[in-house]
Amino acid sequence: MSKNLVIVESPAKAKTIKKYLGKDFEVLASYGHVRDLVPKDGAVDTSGSFDMKYQIIDRNEKHVRAIISALKEADALFLATDPDREGEAISWHLVELLKEKGALKNKPVKRVVFHEITERAVNEAIANPRDIAYDLVNAQQARRALDYLVGFNLSPLLWRKIQPGLSAGRVQSPALRLICERELEIRAFVPQEYWTLEARAQKEAQSFGAKLTELDGQKVEQFTLTDAGGSDAAKVRILAAAQGSLKVVAVDKKQRRRNPSPPFTTSTLQQEANRKLGFTSSRTMRAAQQLYEGVDLGGDTVGLISYMRTDSVSLAQEAIAEIRKTIVKEFGDKTLPGEPRYYKSKSKNAQEAHEAVRPTSAARTPKSVARFLSPDQAKLYELIWKRTMACQMNPAVFDTVAADLKAGLQHTFRANGSVLLEPGFLAAYNIKVTDPLDKSDEDDEDDKRLPVLEVGETVNLLDLDAEQHFTQPPPRYTEASLVKTLEEFDIGRPSTYASIISTLQAREYVRLDSKQFTPTDVGMIVNKFLTDHFTQYVDYEFTAKLEDDLDAVSRGEREWVPLMADFWGSFKPRVDEKMELTRQEVSETRQIGIDPATGKPVSARLGRYGPFVQIGTKDDVDKPRFASLRANQRIDTVTLADALALFQLPRRLGTLENGDEVEVNIGRFGPYARYGKSFVSLKKDDDPYTIGLPRAIELIEQKAAALEAATIKVFEGAGIRIIKGRFGPYITDGTRRANIPKTRDPETLSALDCEFFLNEAEEKDKANGGKKGGKGGKKGAASKKTAATKTATTKTAVKKAATKKAASKKATKKSAPKKKKP
């Protein structure tokens, strides 16, 4: 019987599909991409052809070998990678690799595509294969080449001019620009004061509020009342005119209908999961991937949602039919419209053959599968299921009332109220926002009831409440609002948003504080450098146009090589030109003030190892003094007083009873206290600028107590201890350290034994160029081969230094070949 080999990306997907296809099909995973560009200059030939040099990805080499082995037994190869540009490229790369290795041998290669992992969809795809879509492959190759050329040319420029380890990206950099520009808006913002007046009115036993809309016959604007004095004066005039009552002069009653939102795309799924579940984009996509690839529902592995990387909001007819049946069953006839709802995608590149993110079976309710899912999977599945049900349900209907009430002839208040009459889709999708910073939740309805008001009647005026306000700066981006803005600007694609955000955080360009993105000093300087010197390449319109061009390649409307040539022709000369910039021109020094003690200038800037402040200049006779900024300080906001305080370290705290001086400082691994020749790390809440001697003594005593508790044996005269370490017992004399061989019992060691092991460890360190512990990283560890000889030679070695030295060298020499690895 013929065998068919099917290739997918992940083992979870392979396991699910294998159950559907039966014994004639072997299903293996490629574990993502099998090839990538050679990670060095010249991987993309920029001379004109833009040929690319690929190599197999090391971590996936064994999976490729497994595919080649299985292909020997197969009659045909089916490529069932994801139904998008990236999936198409993975299939193409695998075929090219198999050709290179001579593994195909004219066997038929078929590309199969499905948008959900269900038995029907998979078998239908296998029955209707196609060829590899080279337009999609070319679009992915062009995207990869562009990202490589930008990264490989801009990143080294950042290393030289700003700081090592930085990176720039074709899409990453415009995203950083959005966050930095918002930060600059916030810093430049000047708050303005304004006041509002609200009447507390009452009809019979029911009280209600009404806002001032007209004062002295004029419409009330935001800045009509700008201070307490004006507000108090207005209050006096209104109370005098009202004489304790308000007259109803108009009542407007109407019904308002609110329609449901479309089903999820990748972007809207990430936004809603962030707003309503508190998930990051990467967390959302990870859980969605698991739901798509398949979950074990008590012995039956099933893909629970359709493909989660999509720009489409359309739904298949059979899916709509099942959704409508489920709505009737779960929410009743009244919530179902007479006709199905159809949604049209706004994205120019959305492929309507794809579907929105939806459950593969609407009948599989969140409650019925919850026990089989992880907490993240359960929450996300419920969100997707409810949104999908809601999109095919009736609108929500509200009764709204707006009443105008007069105080005298010239002052007017408005009272608003609404009542939900028919919940419609809100019966399914009324999940509240979890983020208190998010004020944009469209599901939060103002359900305030008003008493029945009739034109011409009067109601009691209980009091007027004056409230002070200040205008607020634009909010910093959250993940949800950043994703929304990226989509609005057409920067990147929804499938890349999670990785863009992760990269910005990994490079420490931005911090996520209280769910809001704040740029770091490094991020601001990198953005300014790119905006000033590579304006076109961080321009939103340019980036969006490039994305459109890549989409045109994927649709077969444009050739990719001329696109690459246009980009490279303008980009490379700009990079070469900017190589002439100096570090000082880029990092921008901020002058803070003058040091009163020396009269020298104090400045703040970004150095190779982070932001710092400096007293003096390089032209002074004395060298400048430097101090790193603290974690909560910024180059653009640090004051002269803050800067001078940084130069207090090291601080002398006092003297211990034994005469050792205690001082605190900040070292490579954080703040510490030094006493004599010993050190103790400060705790997280200890501030090296304010800590006192009593607290330092407490830390020293805690360290001594911990050392005592971990001590197995002490040789007071020799100053040697045997200590219980994290990775086993070891010997130390305060400066040297040696591990104890497993063949020796620490309790039986003598001072001479310990001295021998310490000397041997020291010799090994010297032989390794001063690196403690040798190649294996074990400090002074002896090899098993020499362990047996140590006991016999210990006394001789201690008595005769020369013999000891020779024996140590011999032992090291013998053990070395065992540690060598290819």
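**Strand β13 and its surroundings in a predicted model**

Guide: In this predicted model, strand β13 pairs with strand β14 (residues 411-422) in the antiparallel sense, over eleven bridges.

Visitor: Which residue stands opposite His411 of β14?

Guide: That residue is Ala407.

Visitor: And how many residues lie between the strands in that hairpin?

Guide: The hairpin of β13 and β14 has three residues between its strands. Gly408 takes a positive phi there, near 70°.

Visitor: What other strand pairs with β13?

Guide: Strand β10, which spans residues 245-258, also pairs with β13. The sense is antiparallel, and eleven bridges join β10 and β13. In this pairing, Arg257 stands opposite Val397 of β13.

Visitor: Is β13 mostly covered or mostly open, then?

Guide: Strand β13, residues 396-407, is mostly covered, since nine of its twelve residues are buried.

Visitor: Let us change topic to Thr284. Where does it lie?

Guide: Thr284 is part of helix α9, which covers residues 281-293.

Visitor: Buried or exposed?

Guide: Thr284 is buried: its relative accessible area is 0%, and the cut-off for buried is under 20%.

Visitor: Which residues is Thr284 in contact with, apart from its neighbours within four places in sequence?

Guide: With those neighbours left aside, Thr284 is in contact with Leu269, Gln270, Ala273, Phe279 and Leu380.

Visitor: Now the whole protein. How many helices and strands?

Guide: The secondary structure comprises 23 helices and 29 strands.

Visitor: What is the radius of gyration, against that of a compact globule?

Guide: The protein has a radius of gyration of 36 Å, whereas a compact globule of 822 residues would have one near 28 Å. Along the principal axes, the C-alpha atoms fill a box of roughly 115 × 85 × 60 Å.

Visitor: What share of the residues counts as buried?

Guide: Of the 822 residues, 48% count as buried. The accessible surface is about 41,800 Å², and carbon and sulfur atoms account for 50% of that surface.

Visitor: What about contacts between residues at least 24 apart?

Guide: Such pairs make up 67% of the contacts between residues at least 6 apart in sequence.

Visitor: Finally, how far apart are the mean positions of the positive and negative charges?

Guide: The protein carries 131 positive and 114 negative charges, and their mean positions are 10 Å apart.

Note on methods: Residues are numbered from 1 along each chain as its sequence is written. This is a predicted model: local features need pLDDT of at least 70, side-chain atom pairs count only at pLDDT 80 or more; totals for chains, interfaces and linings use all residues. Side-chain values use heavy atoms; hydrogens and water are left out. Helices (H or I, at least four residues) and strands (E, at least two) are DSSP runs, numbered from the N terminus. The radius of gyration is taken over C-alpha atoms; the globule rule is 2.2 Å times the number of residues to the power 0.38. Buried means under 20% relative accessible area, exposed over 50%, partly exposed in between (1.4 Å probe, protein chains only). Contact means heavy atoms within 4.5 Å. Accessible areas come from the Shrake-Rupley method with a 1.4 Å probe; for residues, only the protein chains shown count as cover. Lys and Arg count as positive and Asp and Glu as negative; His and the chain ends are not counted. The place of a charge is taken as NZ of Lys, CZ of Arg, CG of Asp or CD of Glu. Two strands pair if DSSP finds at least two bridges between them.
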